Amino acid sequence: MTDLTVRGRSLDKSAVSRWLQEYGVYAAVAALLAFNIAFTDNFLSATNFRTQLVQAAPICIVALGMALVIGTEGVDLSVGSVMALSAALVPLYLGYGLVPAVLAALVAGLAVGALNGALVAYIGIQPIVATLALLVGGRGLALVIAHGQLVDVHDANLLSLGSGELLGIPVVVVIAAVLAVLVWLLVARTTFGRQLVAIGDNRTASTLAGLPVRRVLVGVYAICGVLAAVAGVLATARLGAGDPANTGQLMELSAITAVVVGGTPLSGGKVRILGTIFGALLMQLLRATLIKNDLPDSTAQMVQAVVIIGAVYVARERATR
């Protein structure tokens with residue numbers, strides 16, 4: 001049965017599922033904003049909006065890479081560990097200058113991402129298994145590099161990335177916005193972007209059509225790794241210390257949730273960049289709403305799990321029609 005009857009009128013379930021997947025995230029963000037403005041003390045202030053955007057920026061950056069991976073019908077569980085690896089490497093190389101330290105973190109993210117992609121594309125390991133191994137191994141390596149210690153950083157240029165402003169806008173938010181535009185251009189305006197969507201839609205057909213499936217998959221996971229490394233650098237800059245034990249904890253859950261509620265299906269074949277950005281905003285607003293109303297952070301994680309289950313259910317309902 002595809003129709004529901006509401007007050008004597010026929011309601012098409014597939015139309016509801018389609019609307020929720022296309023526009024649900026925007027409606028949810030608007031509803032949360034309205035709720036907080038009405039009921040949460042001191043929410044409607046420039047300082048609070050700045051804080052929400054700054055805290056949402058790392059989720060947004062990681063989710064952009066995750067959206068590309070999910071667009072190929074994959075998933076990357078190692079993004080939080082890549083952030084931790086960046087947090088361990090930046091203080092280690094900061095003595096050589098900001099640029100070498102950042103480059104070391106980005107190269108590490110690139111290497112981990114490329115390894116993930118090679119395991120998926122050339123060895124044929126399922127993405128969830130391949131990236132699960134690096135989820136554990138990556139954080140372990142980060143702890144070894146930092147000797148399990150939180151390392152303070154005092155480089156003014158690095159700290160300015162976390163707390164500085166550009167034309168009145170936090171640098172972290174500016175970086176996230178620029179990366180969002182670049183990823184959108186990659187998906188919408190390049191051959192690589194069209195190929196990754198085609199591979200996610202039908203990998204077998206893409207292989208038969210002569211597309212460089214393996215090379216594209218390695219590239220997608222490598223980009224995801226680099227973006228996670230960027231988020232790790234910014235997290236270190238904001239904290240003023242490299243914290244490999246806690247940086248990026250549960251980031252993979254937040255990123256996957258942001259992508260799925262933003263309308264990118266787990267079955268691949270589509271990448272919704274604007275939806276992913278609003279998905280990241282939704283995750284941050286949801287957590288802020290619960291915490292500001294005196295509910296513990298653990299409750300936010302449970303609500304987050306409920307949100308992703310709901311988003312997957314909506315996507316499944318739409319896919320079966």
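This report walks through selected helices, loops, spaces and residues of a predicted model.

An unreviewed UniProt entry lists "transmembrane region" for residues 23–40, 52–70, 77–96, 102–121, 128–146, 166–187, 216–237 and 298–315. Two of these spans are described here in the model. Residues 128–146 are 95% helix and 0% strand. The end C-alpha atoms of that span are 27 Å apart. Residues 216–237 are 100% helix and 0% strand. Their end C-alpha atoms lie 32 Å apart.

## Helix H10

Helix H10 covers residues 213–239. It has 27 residues, which at 1.5 Å a residue should span 39 Å. The end C-alpha atoms of H10 are 39 Å apart, so the helix agrees with that expectation.

The rest of the structure largely encloses H10, because 19 of its 27 residues are buried. Just after H10 comes glycine 240, with a positive phi of about 75°.

Helix H3 runs over residues 79–93. It has 15 residues and reaches 21 Å from its first C-alpha to its last. That is close to the 21 Å expected at 1.5 Å a residue. H3 is mostly covered, with 13 of its 15 residues buried.

The loop between helix H2 (46–71) and H3 holds threonine 72. Serine 78 is found in the loop between H2 and H3 as well. The next two sections take these residues in turn.

## Threonine 72

Threonine 72 has a relative accessibility of 1%. The cut-off for buried is under 20%, so threonine 72 counts as buried. A polar atom of its side chain lies 2.6 Å from the backbone oxygen of valine 69.

Leaving aside residues up to four places away in sequence, threonine 72 touches Leu196, Gly200, Arg203, Leu217 and Val220. H10, at 213–239, takes in the positions of Leu217 and Val220.

## Serine 78

Serine 78 counts as buried because its relative accessibility is 1%. Its side chain makes a polar contact of 2.6 Å with the side chain of aspartate 76.

Beyond residues up to four places away in sequence, serine 78 touches Val112, Asn116, Thr131, Leu134 and Leu135. Helix H4 (residues 98–121) takes in the positions of Val112 and Asn116. Helix H5 (127–145) takes in those of Thr131, Leu134 and Leu135.

## Leucine 98

Leucine 98 lies in helix H4, residues 98–121. Its relative accessibility is 22%, so leucine 98 counts as partly exposed. It touches Asp155, Asn157 and Leu158, not counting residues up to four places away in sequence.

Glycine 225 is 127 residues from leucine 98 in sequence. In space the two are 20 Å apart, C-alpha to C-alpha.

## Two loop residues with positive phi

Most residues other than glycine have a negative phi. Histidine 147 has a positive phi, near 55°. It is found in the loop between helix H5 (127–145) and strand E3 (151–152). Histidine 147 is exposed, with a relative accessible area of 66%.

Leucine 167 also has a positive phi, near 55°. It lies in the loop between strand E4 (165–166) and strand E5 (169–170). At 84% relative accessibility, leucine 167 counts as exposed.

## The largest pocket

The largest pocket has a volume of about 730 Å³. It is lined by 25 residues, and the closest to its centre are Gln55, Arg238, Gln249, Met251 and Arg287.

H2, H10, helix H11 (251–261), H12 and H13 each supply at least two lining residues. H12 gives the largest share of this lining, six residues.

## The largest cavity

The structure holds one cavity of 30 Å³ or more. The largest cavity has a volume of about 40 Å³. Its lining is made by Met283, Leu286, Arg287, Ala300 and Gln304. Helix H12 (273–292) and helix H13 (297–319) are the elements that give two or more residues to this lining. H12 supplies the largest share, three residues.

How values were computed: Residues are numbered from 1 along each chain as its sequence is written. This is a predicted model: local features need pLDDT of at least 70, side-chain atom pairs count only at pLDDT 80 or more; totals for chains, interfaces and linings use all residues. Side-chain values use heavy atoms; hydrogens and water are left out. Helices (H or I, at least four residues) and strands (E, at least two) are DSSP runs, numbered from the N terminus. Buried means under 20% relative accessible area, exposed over 50%, partly exposed in between (1.4 Å probe, protein chains only). A polar contact is a pair of N or O atoms within 3.5 Å; within protein, one must be able to donate a hydrogen and the other to accept it, and residues adjacent in sequence count only if both atoms are side-chain atoms. Contact means heavy atoms within 4.5 Å. The expected span of a helix is 1.5 Å times one less than its number of residues. UniProt positions are given in the numbering used here, feature names are shortened, and annotations may be inferred rather than shown by experiment. On a 1 Å grid over the protein atoms alone, a cavity is a set of points where a 1.4 Å probe fits but cannot get out, and a pocket is an open set with protein on both sides within 12 Å along at least five of seven lines; lining residues have an atom within 4 Å of a point. Grid points are joined across faces, edges and corners, and a volume is the space filled by probe spheres set on the points.
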